[in-house]
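Please read them with the sequence and the 3D view open.

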Amino acid sequence: MAGVYVAGVGFTKIAEHWDKDLEQLMAEAAVKALEDAGVSTVNAIYVGCALGEHLQCQANLGALMAECAGLTGVPAFRAEAADASGAAALYSGFCDIASGRSEAVLVVGGEKLSDGLSEEVSSGTLMMSGRSWYEGFMGIDFYAMSALLYRLYSKRYGDEGIPFFPVISHEHAEGVAHAQYPFKIALDRVLESPFIAEPLRMLEVSGIGDGAAAAVLVSEELARRLKSPKIRMFISSATDYVNPFDREDPLRLQSVMLSVSRVLEHAGVSRSELNMVELHDSASILGALCLESGGFSPPGAAGKLAMKGEFGLNGRLPCNTFGGLKARGHPFGATAIYQVAEIYLQLAGRAGKNQLDKARTGLAISLSGVGAAAFTSLLKMEEV
Amino acid sequence: MRVPGYWRNMSFLYRLAGWKCVHCGAFHHYKPVVCRRCRSKEFAQVELPGSGRLIAYTVVRSPPKEFERCAPYAIGLIELEDGTKILSQLTDFKENELRDDIRVEAVFRRVRINGEQGIIEYGYKFRPALSQS
């Protein structure tokens with residue numbers, strides 16, 4: 001399989017972009033990524049979006065995005081895997097380059113959650129985390145599913161340190177220009193925030209925002225000709241039963257376990273070689289489950305390790321270095337591409353005040369719903 | 001628009017009926033093409049027991065569309081007497097009555113009013129059993 005390289009990235013601030021349509025916001029990120037990579041066109045465009053039909057009454061986002069980015073004529077279509085849609089688009093783009101068919105592809109993800117009322121966004125999370133005639137029929141949305149997992153986790157291991165995950169993410173987001181919530185919050189404030197679905201509190205879940213992110217993926221040959229640093233990309237994915245309570249152990253995310261070990265094997269990287277991990281902390285408990293299922297923490301210990309500072313910017317394994325889903329933001333279809341773009345910035349030495357001392361290899365975990373699918377991306381700096 | 005969906009899911013939503021794989025015993029609340037666990041094609045139609053134990057619960061406070069008038073409402077993860085785990089809304093409980101491990105039983109209730117056509121949809125919910133011994 002041919003090598004795949006990230007040649008450039010672009011993204012918008014995550015905010016309420018009332019003045020822009022979804023495809024315009026995506027085009028903004030796309031044009032930035034093309035300029036960053038120094039390429040004028042691509043062989044194909046892959047678009048990630050979860051709720052275009054639901055919130056914007058808009059499908060056919062591939063052709064629309066191509067038009068807005070001035071790339072009409074280029075093949076373009078959308079990949080969808082709930083809130084891992086951006087990762088599904090990355091996966092498609094990766095396969096296109098790896099197969100040797102394309103030399104350069106543009107992967108763009110976008111979501112405009114502020115176009116919906118809060119109950120419409122909640123319906124959206126319900127479409128993403130369950131079946132419409134089971135969880136959907138009974139009004140069991142993403143927050144309720146995460147809350148039930150949180151309860152099971154607390155019963156088995158205790159909840160020590162789980163509410164600390166948002167504190168870490170917010171600390172890392174402080175002053176980050178593209179973050180939705182670029183400020184610190186104290187643990188007390190998390191604990192005092194009202195329940196969204198007990199025991200899950202309002203400040204333990206990501207907010208509602210709009211954002212778009214893009215990456216240009218290129219072949220090894222093109223990477224050699226471009227000026228950008230040689231950052232190689234790998235991606236793997238796995239699925240699991242959609243309802244976590246149909247799984248053998250709901251607290252072990254098999255999709256994460258499988259996709260993490262597959263990508264590490266493919267890249268020839270061991271866990272101890274990773275300099276950073278981006279987690280899917282759409283709810284605090286899922287951040288912890290990603291770490292434990294990915295083999296980065298013993299079961300039941302992620303919260304305690306978080307309290308000890310292991311996942312801070314100077315810790316053993318820095319996590320969510322620009323704020324993660326909680327503080328940078330979680331515009332579903334764009335999120336995985338923000339994660340990959342942020343690792344790219346770290347590896348390229350362009351992370352500003354959040355720059356890690358040593359960043360040569362980073363990994364990002366992206367979930368759909370409560371782990372029905374997981375995509376794990378790995379970026380690795382190559383010596384030239 | 002969604003009437004056919006309601007109609008084809010009625011046997012589970014009305015009477016907890018579904019399909020059990022005759023080879024590995026996996027329960028499917030939908031009519032399976034192949035067993036999701038062992039890929040067998042042989043199933044027996046079964047009705048799940050209408051009582052069990054509450055394993056965990058939560059309360060939805062920021063409801064999805066079509067549930068605005070129900071909020072806040074409680075959701076439970078229930079282990080039925082045959083070991084099958086199902087999710088359900090909880091109903092008919094008094095304040096402080098919800099605790100892990102209480103015995104619960106299925107009841108038939110109105111669940112939501114669907115879409116612009118205003119179709120009233122019914123299904124199962126679970127409530128605490130009178131006898132907790």
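Predicted model: local features only at pLDDT ≥ 70, side-chain atom pairs only at ≥ 80, totals over all residues.

1. Start with A:Leu217 and its contacts. Leaving aside neighbours within four places in sequence, A:Leu217 is in contact with A:Val4, A:Tyr5 and A:Val6, with A:Gly93, A:Phe94 and A:Ile97, with A:Val105 and A:Val107, and with A:Met233.

2. A:Val6 lies in strand β1 of chain A, which covers residues 4–11. Is A:Val6 buried or exposed? A:Val6 counts as buried because 29 other C-beta atoms lie within 10 Å, and the cut-off for a buried residue is 20 or more. Not counting residues up to four places away in sequence, A:Val6 touches A:Ala215, A:Leu217, A:Ile231, A:Met233, A:Val340, A:Tyr344 and A:Leu379. A:Val6 and A:Phe94 are 88 residues apart along the chain, and their C-alpha atoms are separated by 9.7 Å.

3. Next, the nonpolar core. The largest one has 157 residues, and the members that touch the most other members are A:Ile45, A:Met65, A:Ala214, A:Val216 and A:Leu217. Which element gives the most to this core? Helix α15 of chain A (residues 332–347) does, with 11 residues. Chain B takes part as well: domain 1 (1–47) and domain 2 (49–133) of chain B both give residues to this core, so the core lies between them. Apart from this core lies another, of seven residues, including A:Ile14, A:Val176, A:Phe322 and A:Ala327.

4. Strand β2(A) covers residues 44–48 and is mostly covered, with five of its five residues buried. Both faces of β2(A) are covered: A:Ala44, A:Tyr46 and A:Gly48 are buried on one side, and A:Ile45 and A:Val47 are buried on the other.

5. What does β2(A) pair with? In general, strands of a sheet pair through backbone hydrogen bonds, either parallel or antiparallel. Five bridges join β2(A) to strand β4 of chain A (residues 104–112), and the two run parallel. In β4(A), A:Leu106 stands opposite A:Ile45. Strand β3 of chain A (residues 76–79) is also joined to β2(A), by four bridges, again with a parallel run. There the bridge partner of A:Ile45 is A:Ala76.

6. Turning to chain B, its make-up is two helices and eight strands. Along the sequence the pattern is α-α-β-β-β-β-β-β-β-β. The C-alpha trace of chain B spans about 45 × 45 × 20 Å along its principal axes. Of the 133 residues in chain B, 32% are buried. Among contacts in chain B with a separation of 6 or more, 49% join residues 24 or more positions apart.

7. One sheet in chain B can be traced strand by strand. Three strands form an open sheet in the order β2-β1-β3 (chain B), with antiparallel pairing. The edge strands are β2 (27–28) and β3 (43–47) of chain B, each pairing on one side only. Strand β1 of chain B (residues 17–21) is joined to β2(B) by two bridges, and these strands run antiparallel. Here B:Trp19 stands opposite B:His28 in β2(B).

8. How do the two domains of chain B meet? The domain assignment gives domain 1 (1–47) and domain 2 (49–133). Their centres, taken over C-alpha atoms, are separated by 20 Å. Eight residues of domain 1 of chain B are in contact with nine residues of domain 2 of chain B. On the domain 1 side, α1 (3–8) and α2 (10–15) of chain B each supply at least two residues. By class, that side has seven nonpolar residues, no polar ones and one charged residue.

9. Last, the contact between the chains. The contact takes 26 residues from chain B and 25 residues from chain A. On the chain B side, the elements giving two or more residues are β4 (51–60), β5 (73–80) and β6 (85–90) of chain B. By class, this side of chain B has 13 nonpolar, eight polar and five charged residues. As for confidence, the predictor gives the complex an ipTM of 0.96 and a pTM of 0.97. Chain B averages a pLDDT of 93, and 99% of the residues score at least 70.

Definitions and conventions
Residues numbered from 1 in each chain as written. Chains lettered and ligands numbered in written order. Core = buried A, V, L, I, M, F, W, Y, C linked by C-beta atoms within 7 Å. Buried ≥ 20, exposed ≤ 12 C-beta atoms within 10 Å, placed from the backbone. Domains from an automatic or database assignment. Contact = placed C-beta atoms within 7 Å. pLDDT = per-residue confidence, 0-100. Nonpolar A, V, L, I, M, F, W, Y, C, P; charged D, E, K, R; others polar. Pairing = 2+ DSSP bridges.
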